[in-house]
Amino acid sequence: MKNTDILIVGSGIGGLSLAAKINTLNPELKISIITKSDAIESNTRYAQGGIAAVLDTINDSFEDHINDTLKCGAGLCDKSIVEMVIRKAPERIKELIHLGVQFDKKSNGNIHLALEGGHVAPRIAHHKDKTGFEIETVLLNQVQKRKNIKIIPHQVVVDLLIENSNGNKRCNGVKIFEELKNRTTTIYAAVTILATGGCGQVYKNTTNPKVATGDGYAMAKRAGAELQNMRFVQFHPTSLYEENKKETSFLISEAVRGFGAHIIDEDESRFLFAYDKRGELATRDIISLAIFEHMQAKKSKFVYLDMRHLNMKAFENHFPIITEKLKDVGYDFSKDLIPIVPSAHYQSGGIKVNSKAQTNIEDLYALGEVSCTGLHGANRLASNSLLEALVFSHEAAVNIVKTIKLHTTLSKQEIENTEAFLDNKWVQNQIESLKDMMSTITFQSENYNYDDAIDIINSIIEKTETEFKHKYYSIELLNLRNLAITAGIIVKDLVNSHKVKLKMSIDEI
Ligand SMILES: Cc1cc2nc3c(=O)[nH]c(=O)nc-3n(C[C@H](O)[C@H](O)[C@H](O)COP(=O)(O)OP(=O)(O)OC[C@H]3O[C@@H](n4cnc5c(N)ncnc54)[C@H](O)[C@@H]3O)c2cc1C
């Protein structure tokens, strides 16, 4: 692969909307998008609920959306960023519509707005219950047809290339692993953007797909970028409980509770009201914690979503994907209760960026879920994350086009041959025990024995580093290293926030 002007890692809403916007502003710039799997595979494609924005100024207001966001973020949001994102939201949504994204409409032609937990008014623009898929396919289509944008699927970025420039760190590209060719190569770029999504795969139950192994956080950490608030991993309260579940748990959108579904236990009690007067419409963190405590008290593996009282026809029309999945698994939700469990869903922390998505490393940007902009604080408000990626990709694009310093001389590509790392069983075992440990820590974070956790994480990091040093590579081994480093960053943040006294040092994480 050749050097390029702008190198984007990740093909979700962050990476694709950035590429499209830069190309609109300056079609001459050469953009490469590298992505780990098929171009469509991302958290974005699975987003169900939609995008929050004030599109009905009669029944809603910017002030209400701002207040809901600040309240959900528990005092840790950056108010100026919250205001910026929310006030710019309608404009960004109009642009999506202009590119071809279809949102559901009411009979009067206005966009249909759904209600979700934590919002005081219906304000979620959506495309049935497959909004993310609609946005991802439209953006991919846009990017694929534009000259000077190239998407390179099935290439794993291993690390950022960092140089020192006048005492400051500067990013000038990435190193990638080409598994089929058994080699690593370098790609140089004037500007590099991490849009690598989240880290749900650090946990046993997650709504995130297989690609969400926290690569961006781990790469940023290795490169010396600043990260913040990584302890704030949001659990979604309503993912489908399946006895033989796969690596991803099926999400039952927040909007289903907005539509009127209840959460009950085996005695058919709506127990959430004992935890918060908003019941099913409380925010995710409150509901997830309430469900965990209730499950522990009742010694049950799940609670239930009760949809028996809902208008089935209207439900099936609004939620075709959820309807299809539940039917496939064998539930008739006009009669059956649906077992649910909270799952890791969204990383509210991330790589610290400013209002233009710039990190503390020169020419390195971070966008979307991998970034920490200050919008979410301790907890993301439902449907604010697609919005955040859109608003920040616009701000980043404008800044990149204005400030990019194109290379006059191109660095020569460096290629290193590698050997296949074959002990996949060991990797799988390490991943399983890491996931078990991180899931236990989540809901016992104040009493956990963090010395044990750090010991386990450090030994994985040490072993994987040794293999890479000897040029043994595999995608699974790279995933394991990134999962362990991301887990380490989360644990370190928890240790610091709970002021835990440790026997061992965590400085190396
Ligand atoms: C089931 C589900 C439902 C959701 N519903 C909503 C919703 O209704 N509303 C809302 O606002 N948010 C929702 N979210 C959250 C939202 O979808 C994500 O936060 C958002 O899509 C993240 O976009 P992104 O561009 O940052 O990352 P992603 O869409 O996750 O894309 C990341 C990309 O980076 C690539 N990548 C990662 N590591 C590497 C590497 N090492 N090398 C190369 N490529 C790499 C991946 O392959 C992928 O292409 C939902 C999330 C899930 C999982």
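**Briefing: helix packing and ligand shell**

The axes of helix H12 and helix H13 (residues 475–497) come within 9 Å of each other and cross at roughly 150°. That angle makes H12 roughly antiparallel to H13, a label used for angles over 145 degrees. The model is a predicted one, in which local features need pLDDT of at least 70, side-chain atom pairs count only at pLDDT 80 or more, and totals for chains, interfaces and linings use all residues. Residues are numbered from 1 along each chain as its sequence is written, and side-chain values use heavy atoms, with hydrogens and water left out.

**Helix pairs**

- H12 passes H13 in a left-handed crossing (the near helix is turned anticlockwise from the far one by less than a right angle; clockwise is right-handed).
- Helix H11 (residues 424–443) packs against helix H12 (residues 450–469) at an angle of about 155°, and their axes are 11 Å apart.
- H11 is therefore roughly antiparallel to H12, and the crossing of these two helices is left-handed.
- Helix H2 (residues 62–72) and helix H3 (residues 79–99) cross at roughly 135°, their axes coming within 10 Å.
- This angle makes H2 oblique to H3, and H2 passes H3 in a right-handed crossing.
- Helices (H or I, at least four residues) and strands (E, at least two) are DSSP runs numbered from the N terminus.
- Axes are lines fitted to C-alpha atoms, for helices over the stretch in contact, and angles run from 0 to 180 degrees between N-to-C directions.

**Ligand shell**

- The ligand is surrounded by 40 residues (a heavy atom within 4 Å), and the closest are Thr44, Gly50, Asp215, Glu369 and Ser385.
- By class, this shell has 21 polar, 14 nonpolar and 5 charged residues, with Gly counted as polar.
- At least two shell residues come from each of helix H1 (13–25), strand S7 (156–165), helix H5 (215–223), strand S14 (338–347) and helix H10 (385–403).

**Backbone contacts and cover**

- Oxygen atoms of the ligand lie 2.9 Å from a backbone N or O atom of asparagine 43, 3.0 Å from one of serine 11 and 3.2 Å from one of glutamate 41.
- The protein covers 98% of the 1,000 Å² of accessible area that the ligand has on its own (Shrake-Rupley method, 1.4 Å probe).

How values were computed: A polar contact is a pair of N or O atoms within 3.5 Å; within protein, one must be able to donate a hydrogen and the other to accept it, and residues adjacent in sequence count only if both atoms are side-chain atoms. Angles under 35 degrees count as roughly parallel, over 145 as roughly antiparallel, 65 to 115 as roughly perpendicular and the rest as oblique.
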